[in-house]
Amino acid sequence: MPVPEMDDATRTELEAAAFRRLVQHLRERTDVQNIDMMNLAGFCRNCLSRWYREAAEGQGIAMADPDAREIVYGMPYKEWQALHQKDATPEQKAKFAAANPGH
């Protein structure tokens with residue numbers, strides 16, 4: 001089935017809806033750690049917030065990383081870390097290091 005034809009405004013609305021759903025899903029899945037996401041998918045909540053900030057800057061909107069992270073996490077990043085972040089295991093750290101040399 002081919003992709004339906006749509007105008008740019010509709011495409012943007014659909015992309016925005018999908019983004020909002022992704023952010024909501026990540027807020028609900030606090031059990032999924034960022035290192036797990038990085039090891040499996042090559043991006044995490046921090047990446048998503050950085051992309052958001054970069055998109056804002058591309059539109060001439062100044063945004064600090066903590067502000068973009070709060071949009072993605074639904075709370076200040078430090079608060080999310082205290083509530084939900086666990087220490088990475090040696091195995092997680094090794095997998096991350098192997099997949100992301102120099103990071």
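**Close-up 1. A salt bridge between R53 and D65.** In this predicted model, the side chains of R53 and D65 meet in a salt bridge, with 2.5 Å from N to O. The pair links distant parts of the chain, since R53 lies in helix 3 and D65 in helix 4, twelve residues apart. R53 is buried, because its relative accessible area is 14% and the limit for buried is under 20%. D65 has 37% relative accessibility, so D65 counts as partly exposed.

**Close-up 2. R53 and E57 within helix 3.** R53 also takes part in a salt bridge with the side chain of E57, at 3.0 Å from N to O. The two residues are four apart in helix 3, which means that about one helical turn separates E57 and R53. E57 has a relative accessibility of 40% and therefore counts as partly exposed, whereas R53 is buried.

**Close-up 3. A salt-bridge network of D8, R11 and E15.** Salt bridges link D8, R11 and E15 in a network. One of the contacts joins the side chains of E15 and R11, with 3.1 Å from N to O. E15 and R11 are four residues apart in helix 1, so they are separated by about one helical turn. R11 is partly exposed because its relative accessibility is 36%. E15, at 43%, is partly exposed as well. In total, the structure holds six salt bridges.

**Close-up 4. The buried and exposed sides of helix 5.** Helix 5 covers residues 77-84, and its residues Y77, W80, Q81 and H84 are buried. Seen down the axis of helix 5, the buried residues fall within an arc of 100°, so they line one face of the helix. K78, A82 and L83 are exposed on the other side of helix 5.

**Close-up 5. A nonpolar surface patch of V3, M6 and L14.** V3, M6 and L14 form a nonpolar patch on the surface. Together, the three residues have about 310 Å² of accessible area. V3 is found in the segment before helix 1, which spans residues 8-28. V3 counts as exposed because its relative accessibility is 71%, and exposed residues are those over 50%.

Conventions:
Residues are numbered from 1 along each chain as its sequence is written. This is a predicted model: local features need pLDDT of at least 70, side-chain atom pairs count only at pLDDT 80 or more; totals for chains, interfaces and linings use all residues. Side-chain values use heavy atoms; hydrogens and water are left out. Buried means under 20% relative accessible area, exposed over 50%, partly exposed in between (1.4 Å probe, protein chains only). The arc is that of the directions from the helix axis to the C-beta atoms. Patches are made of residues with over 30% relative accessible area and no salt bridge: like charges are joined within 9 Å, nonpolar side chains (Val, Leu, Ile, Met, Phe, Trp, Tyr) within 5 Å. Accessible areas come from the Shrake-Rupley method with a 1.4 Å probe; for residues, only the protein chains shown count as cover. A salt bridge is a side-chain nitrogen of Lys or Arg within 4 Å of a carboxyl oxygen of Asp or Glu.
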